[in-house]
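Dear colleague,

I am handing over the structure below, and after it I set out what was found. Please keep it open while you read.

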Amino acid sequence: MSGRRRGRIDVARLESLLVRMARQQVLVIGDVLLDAYLWGVSERISPEAPVPVVRVERESFALGGAGNVARNLVALGARCSLVGVVGDDAAGQRIAELALADGIEIDLVIDPARPTSAKSRVVARGQQMLRIDRETETPISSQTRAEILDGLERTSAKARGVVLVDYGKGMLPRAFSRSLIGRFTRAGIPVAVDPKHDLIGYRGAALVKPNRAEAARLVGAAETAIGDSLHLIDRLRARVPGADLAITEGAGGMTIAEAGEAPIHVPTAVREIFDVQGAGDTTMAAIWLARLAGGSLLESALIANAAAGVVVGKIGTASAHREEVGERLSEIIDAFRENA
């Protein structure tokens, strides 16, 4: 991966990266979720309790968590294998069907003792009214870990890079994460991490990408420190030395720091935001794919900002396609130059 930081940044350069991104093969390992949606209308309050009544008109499903990262990688043109754990239930079967329909290779271990992690959202008039979660946070068993490791002999053979996606649902306990990073590092395959609850297990990763609230929680910072991403970068470096860092900040863009270099704030071009759900997954997919394609961390962050800008303009768990990202590059570059 290139260490180039600023250099020549223009649309042609980033477009060439988008082309090379489509030549990559990535392995995604992590908590796979099923996102279910009940779409309807709400026109009255229930006589039973002071809550809105939603009349459901349709239902839809999408890959969430690590599945959404994989889905975005494929939308950006890459080839992707997805490794995760599901229950022996309808939700697990639905995840397999969705992944295959999206062109994602799957190696899903079925654990009958665990439910498939699923989030069901009730949406009316474009607004989320309620979310219902079905999940467990219990770490996966030693037998399940062994099955995953056996499968990696097949799925990791052609991978140019790996993404570990930790949603805190038990797929990536600390010792297992450390063993995976050690395994891939010895094989010369770089690993990116989207952490939620731990950093120690991810030492040795090439890229670590939390959002700002997660970064504060991961380093034990007070809530008042959340707005100071430069301060958080320093504290993250102490816990994952040698890693490139990217702290996403929603409409504020992100703050990045290549290993050994000063942090850079990368603003984004703000459009109308309909739904921020899944934007972090999109950012993870885009920034890592661009890095694997030879982009600097700054170039990769610009592309990731463009991709995140696409999905927040959509409702529900969404993905950013390469053509959509290309259309946003000019305004993303302009926003960076105006604030550089």
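Two strands are said to pair if DSSP finds at least two bridges between them, and strands (E, at least two residues) and helices (H or I, at least four) are DSSP runs, numbered from the N terminus. This is a predicted model, in which local features need pLDDT of at least 70 and side-chain atom pairs count only at pLDDT 80 or more, while totals for chains, interfaces and linings use all residues. Residues are numbered from 1 along each chain as its sequence is written, and side-chain values use heavy atoms, with hydrogens and water left out.

The sheet comes first. Nine strands form an open sheet with mixed pairing, in the order E5-E4-E1-E8-E9-E10-E11-E12-E13. Its edge strands, each pairing on one side only, are E5 (105-110) and E13 (264-266). Helix H3 (residues 90-101) packs on this sheet and touches E4 (79-86) and E5, where contact means heavy atoms within 4.5 Å. The direction of H3 makes about 170° with that of E5; such angles run from 0 to 180 degrees between N-to-C directions, with axes fitted to C-alpha atoms, for helices over the stretch in contact.

Strand E12 (residues 254-257) is joined to E13 by three bridges and to E11 by four, and E11 and E12 run antiparallel. Leu245 stands opposite Ala257 in E12, whereas Ile256 stands opposite Ile264 in E13. Both faces of E12 are covered, since Met254 and Ile256 on one side and Thr255 and Ala257 on the other are all buried, that is, under 20% relative accessible area, with exposed meaning over 50% and partly exposed in between (1.4 Å probe, protein chains only). In the hairpin of E11 and E12, with five residues between the strands, Gly250 takes a positive phi near 60°; in that of E12 and E13, with six residues between the strands, Gly260 takes a positive phi near 80°.

Another glycine to look at is Gly64, which is found in strand E3 (residues 52-65). Gly64 is buried, with a relative accessible area of 1%, and, not counting residues up to four places away in sequence, Gly64 touches Asp31, Val32, Leu33 and Asp35. The C-alpha atoms of Gly64 and Ala118 are separated by 8.4 Å, although these residues are 54 apart along the chain.
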